[in-house]
Amino acid sequence: MNSNLMTQAFWNLRSRFYLICILSLFFCKPQGTVSEFYPEPLPNLTGGTETLEDFKGKVLVLDFWATWCEPCAKAVPTINEWKSSVSEKDFVFRGINTDTTEPIEKIKKDMNLLKMSYPTLLDKDWKMTDFYQVEGIPCLLVFDRSGKIVYRQYGLVPSDLSGLVIRSHVWAASDLP
């Protein structure tokens with residue numbers, strides 16, 4: 001094949017590529033922001049329910065934990081300190097208790113012993129846990145203001161606090177798209 005035909009083929013291919021790119025801008029637009037919030041309401045410890053969608057517009061932090069989990073207990077003081085360092089107008093913290101058989105009274109007692117400063121929702125059948133593919137606890141999930149997961153961390157130690165506080169400034173400064 002001579003170089004003139006190769007050059008022409010290259011430019012022809014390049015033109016088609018640009019055409020596809022331009023057309024994709026018109027026909028492949030995202031349909032708004034995709035929320036990754038679990039769609040079903042979860043029971044809280046007072047007999048009511050909460051839906052994660054209710055927290056859209058705020059940065060949402062979920063702490064997956066269980067009463068028998070020692071690393072979960074060790075994570076609570078760090079989460080409490082993190083929570084106290086951010087604005088309640090920008091952030092919402094919720095525990096997600098994954099105990100399948102513990103009575104509510106036991107969960108409440110453990111929360112008091114741990115001095116957990118944030119409310120807990122119950123995921124006794126692990127539907128939310130499976131939905132987010134939580135592979136171990138403690139697990140932190142952070143959602144931006146639009147409901148998209150922006151951070152996941154397994155385990156939490158006091159030395160993680162400074163990084164979480166720094167990230168919090170970025171998450172709080174983000175606006176809804």
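At 61% relative accessibility, lysine 89 counts as exposed, because the term applies over 50%, whereas buried means under 20% and partly exposed lies in between (1.4 Å probe, protein chains only). The structure is a predicted model, in which local features need pLDDT of at least 70 and side-chain atom pairs count only at pLDDT 80 or more, while totals for chains, interfaces and linings use all residues. Residues are numbered from 1 along each chain as its sequence is written, and side-chain values use heavy atoms, with hydrogens and water left out.

Lysine 89 forms a salt bridge with aspartate 90, and the closest N and O atoms of the two are 3.6 Å apart. A salt bridge here is a side-chain nitrogen of Lys or Arg within 4 Å of a carboxyl oxygen of Asp or Glu. Side chains of opposite charge can pair when their charged atoms come close. In contrast to exposed lysine 89, aspartate 90 counts as buried, at 14% relative accessibility. Salt bridges that share partners join Lys89, Asp90 and Arg145 into one network.

By this rule the structure has 8 salt bridges. Another of them joins the side chains of glutamate 70 and lysine 74, at 3.2 Å from N to O. Both residues lie in helix α2, 4 residues apart, which is about one turn of the helix. Glutamate 70 counts as exposed at 52% relative accessibility, and lysine 74 counts as exposed at 53%. The side chains of aspartate 125 and lysine 127 also meet in a salt bridge, at 3.9 Å from N to O; aspartate 125 is partly exposed, with a relative accessible area of 49%.

Attention now turns to the sheet. Its 5 strands form an open sheet in the order β5-β4-β3-β6-β7, with mixed pairing. Helices (H or I, at least four residues) and strands (E, at least two) are DSSP runs, numbered from the N terminus, and two strands pair if DSSP finds at least two bridges between them. The edge strands, each pairing on one side only, are β5 (120–122) and β7 (149–154). On average, and with direction ignored, neighbouring strands of this sheet are turned by 20° against each other.

Strand β4 (residues 91–97) and β5 run parallel and are joined by 3 bridges; isoleucine 96 stands opposite leucine 121 in β5. Elsewhere in the sheet, β6 and β7 run antiparallel, joined by 5 bridges. Valine 142 has tyrosine 151 in β7 as its bridge partner. β6 and β7 form a hairpin with 5 residues between them, and glycine 147 in the turn has a positive phi of about 100°.

The core shows which residues gather inside. In soluble globular proteins, nonpolar side chains tend to be buried together. A nonpolar core is a set of buried Ala, Val, Leu, Ile, Met, Phe, Trp, Tyr and Cys residues joined through side-chain atoms within 4.5 Å. The largest such core has 26 residues, of which Trp82 and Phe93 touch the most other members. Two or more residues come from each of β3, α2, β4, α3 (104–114), β6 and α5, and the largest share, 5 residues, comes from α2. Contact means heavy atoms within 4.5 Å. Leaving aside residues up to four places away in sequence, tryptophan 82 touches Val61, Phe93, Leu140, Val142, Leu161, Leu164, Val165, Ser168 and Trp171. A second, separate core of 17 residues includes Tyr38, Leu42, Leu62 and Met128.

Aromatic rings complete the picture. The structure holds 8 aromatic pairs; rings of Phe, Tyr and Trp (its six-membered ring) pair if their centres lie within 6.5 Å, with planes under 30 degrees apart counted as stacked, over 60 as edge-to-face and the rest as tilted. Phenylalanine 37 and phenylalanine 143 form a tilted pair, because their ring centres are 5.3 Å apart and their planes stand at 40°. This pair links distant parts of the chain, 106 residues apart: phenylalanine 37 lies in the loop between α1 (3–27) and β1 (42–43), and phenylalanine 143 in strand β6. Phenylalanine 37 is buried, with a relative accessible area of 7%, and phenylalanine 143 counts as buried at 0%. Tyrosine 132 and phenylalanine 143 form an edge-to-face pair, 5.4 Å centre to centre and with 65° between the planes. Tyrosine 132 is likewise buried, with a relative accessible area of 4%. Ring pairs link Phe37, Tyr38, Phe131, Tyr132 and Phe143 into a cluster.

Note on methods:
Axes fitted to C-alpha atoms, helices over the stretch in contact; angles between N-to-C directions.
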